[in-house]
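Hi,

Here's the structure I said I'd pass along. Have a look first, and then read on for what turned up in it.

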Amino acid sequence: MNIDFVRSRFIKHFDGTTGELYASPGRINLIGEHTDYNNGFVFPGAVNKGIIAELKPNGTDKVKAYSIDEKDYVEFGLNEEDAPRASWAKYIFGVCREMIKRGVPVKGFNTAFAGDVPLGAGMSSSAALESTYAYALNDMFGDNKIDKFELAKVGQATEHNYVGVNCGIMDQFASVFGKEGSLIRLDCRSLEYSYFPFDPKGYKLVLLNTCVKHALVGSPYNDRRLSCEHVAEVIKAKYPEVESLRDANFDMLEEVKDQLKPEDYSRAKYVIGEVQRVLDVCDALEAGDYETVGKKMYETHFGLSKDYEVSCEELDFLVDVAIDCNVTGSRMMGGGFGGCTINLVKDELYELFIEQAQAKYKEKYGKLPKIYDVVIGDGSRKLVVE
Ligand code: GLA
């Protein structure tokens with residue numbers, strides 16, 4: 001991420017003065033997919049790619065926002081009826097509104113932002129954008145009175161109320177709470193979390209981007225969430241202690257199978273298994289047992305592909321290439337319907353795997369997958385310029 005680049009554009013686009021700079025990262029997720037909105041566990045980490053924004057109060061009641069990457073400029077007011085049309089601007093508007101709802105006296109400001117987290121790659125570029133502005137507005141207008149948990153919830157509420165994706169808390173949490181070199185195990189019910197230093201000796205973690213862009217807005221994502229909530233309700237009728245699929249087990253699911261549509265049953269089966277897999281992977285990591293970590297990653301992929309049905313042909317193809325190359329673990333990452341696979345690869349297999357994946361993908365789809373070596377970075381922060 002290039003601070004000087006954002007600053008130079010901010011100066012050029014506005015009145016020649018400078019403001020304050022803030023940054024937030026995208027995220028990876030080792031395991032625990034579609035478990036967050038089921039109150040389960042997730043295991044993400046922030047990456048060294050994300051969004052940088054510069055902001056300066058402008059003494060008006062308007063936000064004047066410039067997207068450097070889109071080369072698009074938008075102005076909007078801060079009242080509920082002032083929502084902008086541009087999709088990128090809705091995120092900033094939503095964050096302003098959610099901060100105002102929490103008592104932060106947000107006023108007009110000039111802002112420019114840019115990012116290097118690929119859009120639609122399942123690495124949460126939108127959470128990076130939300131967290132950047134939530135952190136910035138808290139610092140600039142709110143005396144930093146809103147705590148980090150609430151900043152993550154501001155981003156999530158923006159998705160729910162201004163974007164239309166009923167996402168869980170994982171992406172925004174990872175973006176705000178990220179810590180260099182560590183993954184975060186998060187209990188999405190209690191929001192208890194712990195950092196796990198992640199330095200798998202002898203292995204690399206690498207993302208392969210299918211370059212099939214996923215968009216969760218208006219997608220089957222919300223639909224999956226409804227399925228899960230429905231199954232939890234059916235189980236709850238028998239077992240009142242079950243508030244969400246987090247509390248359910250396979251036996252309970254089997255008991256209500258007859259009352260469920262086959263697709264709802266399969267989806268719930270995936271989620272119940274996945275909640276447990278996160279815990280198993282944490283244990284395996286603590287024991288330095290990367291073979292088990294990898295095995296669980298494959299299990300997750302097959303569950304997401306066959307039972308949860310959120311994969312796509314290109315993702316499945318790249319996971320098959322990983323299997324052919326004896327890669328330790330591989331799976332689609334994030335919401336699905338496109339984006340990246342995440343791969344745990346032995347050092348000595350790394351080059352061969354990348355070569356094979358590129359050659360085979362090119363042959364089949366006529367384009368190269370993009371390769372990103374994972375570097376686990378810090379969460380939301382203010383940038384200090386010398
Ligand atoms: C998207 C959502 C997250 C989570 C993942 C799937 O990234 O924003 O809340 O549900 O999909 O694990």
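Before the cysteines, a quick definition: two cysteine sulfur atoms count as a disulfide if they are within 2.5 Å of each other. By that cut-off this model, which is a predicted one, holds zero disulfides.

Cys-228 counts as buried, because its relative accessibility is 1%. Cys-282 is in no disulfide either, and for this residue too the nearest cysteine sulfur belongs to Cys-188, this time 12 Å away. Cys-282 also counts as buried, because its relative accessibility is 1%.

Where does the ligand sit? The space it takes is the largest pocket. There, 13 residues surround the ligand, with Glu-33, His-34, Asp-36, Asp-171 and Tyr-221 the closest. Sorted by class, that shell comes to five nonpolar, four polar and four charged residues.

- Tyr-221: a polar side-chain atom lies 2.6 Å from a ligand oxygen.
- Asp-171: here, too, a polar side-chain atom faces an oxygen atom of the ligand, at 2.7 Å.
- Gly-335: this one goes through the backbone, with a polar atom 3.3 Å from an oxygen atom of the ligand.

As for how much of the ligand is left open, the protein covers 96% of the 310 Å² of accessible area that the ligand has on its own.

Cheers

Technical notes: Residues numbered from 1 in each chain as written. Predicted model: local features only at pLDDT ≥ 70, side-chain atom pairs only at ≥ 80, totals over all residues. Heavy atoms only, no water. Near = heavy atom within 4 Å. Polar contact = N/O pair within 3.5 Å; in protein donor to acceptor, adjacent residues only side chain to side chain. Areas by Shrake-Rupley, 256 points an atom, 1.4 Å probe, with all protein chains shown as cover. 1 Å grid on protein atoms, 1.4 Å probe; cavity = no way out; pocket = protein on both sides within 12 Å on 5 of 7 lines; lining within 4 Å. Sits in = over half its atoms within 2 Å of the grid points. Nonpolar A, V, L, I, M, F, W, Y, C, P; charged D, E, K, R; others polar. Buried < 20%, exposed > 50% of the residue type's maximum accessible area, 1.4 Å probe, protein only.
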